Amino acid sequence: MTTTTTTTTTTPAMAGTSATASTTPSTTVTGSAGGAAGVPAARPATGPAAAPGSRIPTGASGPYAASAPGPGILPSASAASAASAEPASSAEPATASPHDPCAHGFLPERPPVRSMIGTWTRLDAMARAAAIVPDREAAVALVERAHRADELSALRQRVSRLSLRNAEAAAMRIAVIAVSCGWCGLDPQAPAAREVADGAFLDLWAAIAHRIDHDQFVALPTLALHNWVPERKPRRHIPIDQLARTEVLVPIVRWAPEGQPLSRLDRLMLAATRLEAHGIWLFRLAETLAGRSPDDSSTPTALRRLVRVQHALRAQLLAEAAELTAAPATPQQRAVLGALAEQGALEPPVLQAAEAVLGIGGRRMGEGRRQMMRRHLPAQHRAWLSAMDRHCAPVRTLAHRGGPDAAIYREAQESLIALRRTYTALVQAAARPTTGPLTAAA
């Protein structure tokens, strides 16, 4: 399945557009921000392919809206379709194009590759097998078996032929194998890593990292955002963020065996993917606030909308919590989550964007801590966050002022803190057995 991201231009009629959503008893969520009223209209697109007079689809109100997944067993993406993989030698630039978060946030520009082709089907099979092993020793045995069969060296020789999109697909599969083996904290090019991990696998890992120009990709942004695709091919070209909000999503690599319900780890990654899709409005508000004076009349309006978006994102997480806590979990899956948490690799990009605007999250972070959290993002995403750090500095001076505008700013900070706490509680529910669903006071 190939879907082209549509860059849109906002018309004056969109100024009052609100996102709508509904939550059914089975925690089905539709719409663009989990039920927020007064979600801001999109800013004019900055990309090169804006369609004159087009509008940002608003989820449930559009003609393409569909229910989000409810409880039950979802098929894997490989079973849903294997016809969407593109040739590995397709001509694409070696570096990513300038990133426009207003278009689709930090989601990939197109739905990820479902099934790789040619020699790369071996990596597909290895990742799917590694995700459902009972323990790390079994995952390491899979890698060693592939090494003895010269499969890893054969893949290493073909990395340079991969298109950027297929290289990102390979990176997701490498990340699954690495975390399953307990190697997520390794630097594949460090000599010490060869004392712990298989050398041929480290060579392949390093080659993929070089191809996508991202060394620290074994983290939630890769494992979640590049692992979920729409179950059905859309009939029209629909933006990736709307697909992730409104379509039933299925995993490319399942952490639960085929034919069984999705695991808690699967559900957490799905919740993170949908959080990014609903968080597209936060990226657009960040662009609105960038460079604005705290005395500008539009600043308090944008901050009020930011508060509503963050409340909606928190409601989205709470809606995901019931299905997550009811899902099964294995010791291996909890070990994977624990390893990722230990490396600080479970931070959703949309929360990092909010922190760049407001300057605070669950706790104040120094510059070193902030950069450490961002190292798991691609270079263009880190650059955008650094730009927001600079351009939103005037707005952050409201923290030291009094008056109604300062009160709105502090309310935005408090809503971000509540959002972070809710996400942390969701991670804890996925990592450890809990007695009940997440409560609104979490």
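How many nonpolar, polar and charged residues does the lining of the second largest cavity have, by class? I counted ten nonpolar, one polar and no charged residues. Nonpolar here covers Ala, Val, Leu, Ile, Met, Phe, Trp, Tyr, Cys and Pro, charged covers Asp, Glu, Lys and Arg, and the others, Gly among them, are polar.

The model is predicted; local features need pLDDT of at least 70, side-chain atom pairs pLDDT 80 or more, and totals for chains, interfaces and linings use all residues. Residues are numbered from 1 along each chain as its sequence is written, and side-chain values use heavy atoms, without hydrogens and water.

I found four cavities of 30 Å³ or more. A cavity is a set of points on a 1 Å grid over the protein atoms alone where a 1.4 Å probe fits but cannot get out; lining residues have an atom within 4 Å of a point.

I listed its lining, which includes Leu-107, Trp-228, Ile-240 and Thr-273. Strand 1 (228-230) and helix 9 (240-246) each supply at least two lining residues; helices (H or I, at least four residues) and strands (E, at least two) are DSSP runs, numbered from the N terminus.

I then looked at Thr-273, in helix 10 (residues 264-278). Thr-273 counts as buried because its relative accessibility is 3%, the cut-off being under 20% with a 1.4 Å probe and protein chains only. Leaving out residues up to four places away in sequence, Thr-273 touches Leu-107, Ala-224, Leu-225, Trp-228 and Leu-249, with contact meaning heavy atoms within 4.5 Å.

How values were computed: On a 1 Å grid over the protein atoms alone, a cavity is a set of points where a 1.4 Å probe fits but cannot get out, and a pocket is an open set with protein on both sides within 12 Å along at least five of seven lines; lining residues have an atom within 4 Å of a point. Grid points are joined across faces, edges and corners, and a volume is the space filled by probe spheres set on the points. Buried means under 20% relative accessible area, exposed over 50%, partly exposed in between (1.4 Å probe, protein chains only).
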